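Below are some notes for a colleague who is meeting this structure for the first time.

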Amino acid sequence: MTPAVECRNLTHAYGDHTVVADLTLTIERGEVFGLLGPNGAGKTTTIRLLNTLMPVQTGSVQIFGFDVTTQAMDVRYNLGYVPQQLSIEAALTGRQNVAWFARLFDVPRNERKARVDDALGAMNLLDVADELAGTYSGGMVRRLELAQALVNRPALLVLDEPTVGLDPIARDSVWERVQDMRETYGMTVLLTTHYMEEADILCDRVALLHKGVLQTVGAPSELKSAIGPDASLEDVFRHYAGADLAEQSNEGGLRGVRSTRRSAQRMG
Ligand SMILES: Nc1ncnc2c1ncn2[C@@H]1O[C@H](COP(=O)(O)OP(=O)(O)OP(=O)(O)O)[C@@H](O)[C@H]1O
């Protein structure tokens with residue numbers, strides 16, 4: 001069967017700064033796949049190349065066999081994307097936010113209401129659906145963004161740092177919802193995360209990027225046992241991105257300042 005994502009020799013540079021270098025990666029259908037790496041590793045750039053938001057310079061990417069360059073619309077119809085930046089409109093209600101995405105993705109008019117309610121229900125937001133999104137908590141905003149991304153029932157859900165800045169309860173709730181949707185619809189999920197523990201628990205496989213270069217890819221258990229008997233995924237990360245990780249740790253570790261800043265940006 002055609003894989004969900006097939007990325008061959010993907011290289012991307014901003015000016016003369018190469019940030020993704022010769023990346024070859026396959027993500028199978030139904031996998032939860034984590035793209036990990038320190039700040040600036042090239043994760044967001046890779047995701048934007050995969051989801052047609054940036055043109056491919058060198059190499060090729062196919063999503064369910066559709067080429068991102070020549071078949072971009074087919075790719076988009078198969079894909080749901082939750083970016084790092086806030087993607088909801090605070091002055092609209094939760095329901096209006098999701099309905100807007102349903103229109104954008106050409107969900108047939110006669111199915112729209114049911115699909116919007118389904119997506120809101122799956123994210124536990126029906127009770128607050130008619131309140132302004134600007135009044136939602138951080139966790140609710142994230143679930144609303146997921147509802148938007150899910151309204152066209154994407155075969156591939158792409159999440160850029162989905163739980164950054166959320167408290168543990170909100171984080172768990174986001175993940176439960178994603179797991180439910182995955183089980184119900186058999187989606188493939190591609191996510192980036194700074195949280196090694198989260199990647200370890202949730203991802204079937206992870207890839208570690210460092211300075212745009214793929215360092216290793218595999219099941220968390222395989223990667224850990226390759227480093228040592230009691231190694232954590234954080235140890236694997238440190239093994240491949242040592243100095244850069246240490247720099248981030250000085251700022252409060254992977255869960256530190258940067259995440260907080262991101263979340264502050266997200267919440268405005
Ligand atoms: N539009 C841009 N123009 C120039 N340089 C960019 C641009 N976007 C990203 N970069 C640079 O490319 C490199 C990779 O950035 P990218 O956002 O892809 O990494 P990342 O792994 O997602 O990091 P982070 O976790 O910080 O988001 C960084 O050095 C970044 O400064």
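1. The shell around the ligand divides into three nonpolar, six polar and one charged residue, where Ala, Val, Leu, Ile, Met, Phe, Trp, Tyr, Cys and Pro count as nonpolar, Asp, Glu, Lys and Arg as charged, and the others, Gly among them, as polar. Its members are Y14, V19, G37, N39, G40, A41, G42, K43, T44 and T45, a residue being near a molecule if its C-beta atom, placed from the backbone, lies within 6 Å of it. Helix α1 (residues 43-50) supplies the largest share, three residues; helices (H or I, at least four residues) and strands (E, at least two) are DSSP runs, numbered from the N terminus.

2. Please keep in mind that this is a predicted model, in which local features need pLDDT of at least 70 and side-chain atom pairs count only at pLDDT 80 or more, while totals for chains, interfaces and linings use all residues. Residues are numbered from 1 along each chain as its sequence is written.

3. Six strands form an open sheet with mixed pairing, in the order β6-β7-β8-β3-β9-β10, and two strands pair if DSSP finds at least two bridges between them. At the edges stand β6 (79-82) and β10 (213-218), each with a single partner strand, so one side of each is left without a neighbour in the sheet. Strand β9 (residues 205-210) runs antiparallel to β10 and is joined to it by five bridges; V206 has G218 in β10 as its bridge partner.

4. Which residues have the most contacts inside the largest nonpolar core? They are I63 and A147, in a core of 75 residues, that is, a set of buried Ala, Val, Leu, Ile, Met, Phe, Trp, Tyr and Cys residues joined through C-beta atoms within 7 Å. The largest share of this core, seven residues, comes from α5. Not counting residues up to four places away in sequence, A147 touches V98, A119, L120, M123 and L125, with contact meaning that C-beta atoms, placed from the backbone, lie within 7 Å.

5. Buried means 20 or more other C-beta atoms within 10 Å of a residue's own, exposed 12 or fewer, and partly exposed in between, with C-beta atoms placed from the backbone.

Note on methods
Contact = placed C-beta atoms within 7 Å.
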